[in-house]
Amino acid sequence: CPALATKMSDAELAAIVTKDVTERQFLATADFTRSLYDDAATFTDEIDTYTLDKFVIGTKKLFDPTKSQVELTSPVLVNAKEASFTFQESLCFNIPILKPVVSLSGKVVLTRDPETGLFTSYREFWDQSPTNVILSARI
């Protein structure tokens, strides 16, 4: 229910996003509370920008959730304009036999629509360059 996001307190929204990151591991699984996101939301990392559906499909294909781990390194902060948090993760690529793992850290900013309260964009800011992330790969 889209109206839900505007009626939710900042603390309630922060608690849901925290669960999406820590329990559902959504940066590695794309399993998140879909009702908090606008249908037209975009997802941007240091490599590209994706539509919501492409983010979900691509993330689910790209990573092995049983061998990936995402951790919050800050509380989820929420206000009327955005939600943000810092993270550290080890992502295991779903490449047969090799299963390379890369490690990275950074910040995510979820921009909110002022009228609906829904997230309209997801933006990752990495602490490392994409090249250094790839070079961190271990098998």
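In which sense do strand β4 and β5 pair, and over how many bridges? In this predicted model, β4 (residues 77-78) pairs with β5 in the antiparallel sense, over two bridges. L77 has S84 of β5 as its bridge partner. The two strands form a hairpin, with three residues between them.

Strand β5 covers residues 82-92 and also pairs with β3 (residues 69-72). The sense is again antiparallel, with four bridges.

The chain as a whole contains five helices and seven strands. Read from the N terminus, the order of elements is α-α-α-β-β-α-β-β-β-β-β-α.

The radius of gyration is 15 Å. The C-alpha trace spans about 45 × 25 × 25 Å along its principal axes. Of the 139 residues, 40% count as buried. Among contacts between residues at least 6 apart in sequence, 55% join residues at least 24 apart.

The accessible surface comes to about 7600 Å². Carbon and sulfur atoms contribute 58% of that area. Charged side chains number 14 positive and 19 negative. The centres of these two sets lie 4 Å apart.

Definitions and conventions. Residues numbered from 1 in each chain as written. Predicted model: local features only at pLDDT ≥ 70, side-chain atom pairs only at ≥ 80, totals over all residues. Heavy atoms only, no water. Pairing = 2+ DSSP bridges. Rg over C-alpha atoms; globule rule 2.2 N^0.38 Å. Buried < 20%, exposed > 50% of the residue type's maximum accessible area, 1.4 Å probe, protein only. Contact = heavy atoms within 4.5 Å. Areas by Shrake-Rupley, 256 points an atom, 1.4 Å probe, with all protein chains shown as cover. Lys, Arg positive; Asp, Glu negative; His and termini not counted. Charge placed at Lys NZ, Arg CZ, Asp CG, Glu CD.
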